[in-house]
Amino acid sequence: MANVTFPFPFPDHLWALLPEILVAVLAMALLIVDLFVPKDRKHLTGYLSLATILVAGVALIQVGGGTPVTAFYGFFTLDPFAVFSKWLILAGTAIAIIMSLDYIRTEENVGEYFVLMLFAMLGMMLLVSANNFVTMYLGIELMALSIYVLVGYQRDTLRSNEAALKYFILGSLSSGMLLYGITFFYGVTSSLDFKHIGDALAAASSSEHTAVLLGLVFILAGLAFKVSMAPFHMWTPDAYEGAPTPITAFMSAAPKVAGFVVFVRIVADALPALEHETMMILSGIAVLTMAIGNLAAIAQRNIKRMLAYSTIGHVGFVTLGLIAGSGSGYAGILVYLAIYLFMGMGAFTVIVLMRREGIQGELLDDFAGLAKVRPGYALAMGLLLFSLAGIPFLGGFWAKYAVFIAAMQAGHIYLVIYALLFSVVGAFYYIRVVKYMYFDEARVPFNFSENRLMQATVALTAIAVVLLGIYPDPLMELCRQAVVGIG
Amino acid sequence: MELHNVLDFPILSLSIFLPTIGALFIWLFIKGDEAVRWAALAVSVATFLVTLPLWIYFDSNTSHMQFEEFHRWIPAFNINYQLGVDGISMPFILLTSLLTVICIVSAWRCITERVKEYMLAFLVLETTLIGVFCALDAVLFYFFWEAMLIPMYLIIGVWGGKNRVYATIKFFLYTLAGSVLMLVALLAMYFKAGHTFSILAFMDYPFDFTWQFWIWIAFFIAFAVKVPMWPVHTWLPDAHTEAPTAGSVILAGILLKMGAYGFLRFSLPMLPDASQYFVPFVVVLSLIAVVYISLVAMMQKDMKRLIAYSSIAHMGFVTLGTFMFTQQAVEGALFGMISHGFVAAALFLCVGVLYDRLHTREIADYGGVVNVMPVFAAVMMVFCMANVALPGASAFVAEIMVLIGTFNPSDVAQASLAISAKWVAIIAATSVVLSACYTLWMYKRVIFGDLTKDTVKGMPDMNMREFGYFVPLILLVVWLGIYPLPVLDVMHASVAHLIEQATTTKLDAAAALAQQMPVQELAVR
């Protein structure tokens, strides 16, 4: 890693942050530009924010290719792991913005909506580059504060308000826990850098063990909240249901990527000395998360709530990659998150497309008879659902495979059996949606949004899921290279 | 590595993917129900023709895999696209491609809704089925094995009977739950056998007994659900009853064989010691299937349900023969599967012919059909007799071989059994009587008797199309009944090799290996 030798961190270090800086500047500029966009043409702001993401992507190509660098005295790191996850975050945000273009047309103040998404994305981009608790906290808060507002964006809707408030209160609580845990670690190690903490903890005396353990528990609890692991998942269903659907989709994918990436960094860099305790806690969390996510999803009639619980279930599977605690486990996490991003966001896009008399398709019943009216949508949704269920020839199978084989390698055979049994439970509620689409007759006439970009998104995610299912090797290889040097 | 492929042409890949390529073509370019039907027929016939060289160029003197193909697929996990067939798998590929043609013809008039989707589902299903029988890489095998659930779920769910949703979800979850443990077993074997998923490598690797024990159980759950064996058979009657005719045909003709094929390809050669250990267990379950399920079949009021239970009973015979480890018994089991593929398929088609006319499957709704449909009565008679295993029908060859093989089991099988295998053979032989009871009784109630019901009076006899798809089945059933040698010849070398693998213990080699190098156990936390 290139170390800092300049007295003042300029300009080499800004170079590594080029995508972030561009996003910050353009987002703020957009805030002003939006004032001049007429009310009935607010989707222009959406297209401009898409352009911002495109610019960030180009910048990422420029800075992301080389060797790993750290900037700002080690507060910011740009390694392949960060670059790969930034690509996922950009893709997830772009899809969420595309979904919003039509959806948000009926709302007011749409300009801020897109800018807030860009700020949330900026927070996540910082988060995945964090190898330090301060950067991590900044990233988390920038991301979370933007998303709190986005969840409560429909100000006139009770449900949206309730969701935002719940999410905000619980989110603040978890941030508090996270900070509290960090103070313990700082007290013991006098450092906020993940690697330094790791070294210091390995050398810590046994008298400090209690403080270290307390810190560990609080940090894990705080992180578990952010990626909605049980028993810290309570906010998820309400927030997902109340939020505008594009935001639900956004929350189910991009912040999970960022959260897991930083989780991996902490587990791999800061906690090797506490491997035993960490794995015990994570195993318990994984067992609980898989069960709660998959079982509770069965009882849901609202598809957003169902997908919320299904996300929790998937988070449980991804946790297995953390528990594996090896390069192949971390690579498995990336494979899983990348594939999940496509299938989860694709499924949400279909939901957004299914606007019915002003309200988008939200109840499972709303899907009845879709296959007859719109065979294309039904086919895409069917493929995405079977993929979510983890049935082969679709990407979801390889996602599960990648984390399960890593967990097997680490010797967690019982956890893998447990996870596979719950993936069968999970299959039930996914194929139930297929049942509504294909086996039932339509009851209410459909009313589709005809946005071309959204239709293209659905088609592309479905095709991606099929292609990744048939030939997952390039993705797996990318992920393997991305985690070189981690842990 | 050297690939044995006399054709120098990826014929197995072509057989696997031609149906899907055809399906894609139909999906994109063909419009109109009638055109779709003809196109689907063309694709399935082409696939059948492509699989024919497998039979013609098959070298029956060797147990080696043939028509092999090898490509790296996911090098990170050493997963390869490895294909090949031997005398055990090759006949099933032809069975699949033939039955798919028949399925598509049989659905010509009775499927009027969503014709295109129906044909696409069948063509994609054909891909996965042929893939299962060709795969020589365990993950590739699992890939096709599970992928098959998607088209089958849709076939039963969209075009099935009244209770189709319940039946298809039950089918899906039952088989999925059964197979996930197989995945765990495969992953464990991957690490144990030195980071490979090659089925042939698994056959050669000496697993010690503890490993064999647990892996055998995991495999058994997956395969027993698919066969299906008592007591995990309950999804089958529901799925069969609710599936459209062609769905039942594929289900009985091919899907059930995959479980038994799994025993022959995985359990026996990879885990010989565990397989020998579990002989009594399998024998008891098989006998329950043969005797108890036959009695259950007798009491059915629904024709499709009756044939479904009869299938379970016949598959009991197959599993019994499989675990006797003798040439006759295993060949009998294999021959039984092929014969049952034709006979059960034909019986479901017969029920389909009746169902198309009256839209009921209840036995009580028929009676005296022979008066209005003499040709149909004759055709159904042939297959009922075949189901009873009358001499001259293919099923007779299979049953007599299994019974002879059970009467003289291999030493290892007899050593594992507590009682003389002769008693097993005697109990199994009751099936000959029981199958005659339920089959002929059903035939009598449906076909003979007075023509009292007005609805039955109006039934027209079979048309040329319907008769057409029975002709090849009749010819095959009778031909294989009279002259089974060509098929048995194909199996001979491979089965002999399999018997050798299944009766040779791996424990000595496992002990030697454990001595030789420090144990690289998969530490279980």
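**Ground rules.** The model is predicted: local features need pLDDT of at least 70, side-chain atom pairs count only at pLDDT 80 or more, and totals for chains, interfaces and linings use all residues. Residues are numbered from 1 along each chain as its sequence is written, while chains are lettered from A and ligands numbered from 1 in the order in which they are written.

**Chain B overall.** I looked up the secondary structure and found 24 helices and two strands in chain B. Helices are DSSP runs of H or I with at least four residues, strands are runs of E with at least two, and both are numbered from the N terminus. The C-alpha trace spans about 80 × 60 × 45 Å along its principal axes. Of the 525 residues, 60% count as buried. Buried means 20 or more other C-beta atoms within 10 Å of the residue's own, exposed means 12 or fewer, and partly exposed lies in between, with C-beta atoms placed from the backbone.

**Leu3(B).** I found Leu3(B) in the segment before helix H1 (11-29) of chain B. Leu3(B) counts as partly exposed because it has 14 C-beta neighbours inside 10 Å. Leaving out residues up to four places away in sequence, Leu3(B) touches Glu68(B), Glu69(B) and Phe70(B). Contact means C-beta atoms, placed from the backbone, within 7 Å.

**Contact between the chains.** I checked the contact next: 28 residues come from chain A and 32 residues from chain B. On the side of chain A that touches chain B, H18(A) gives the largest share, 13 residues.

Methods. Contact = placed C-beta atoms within 7 Å.
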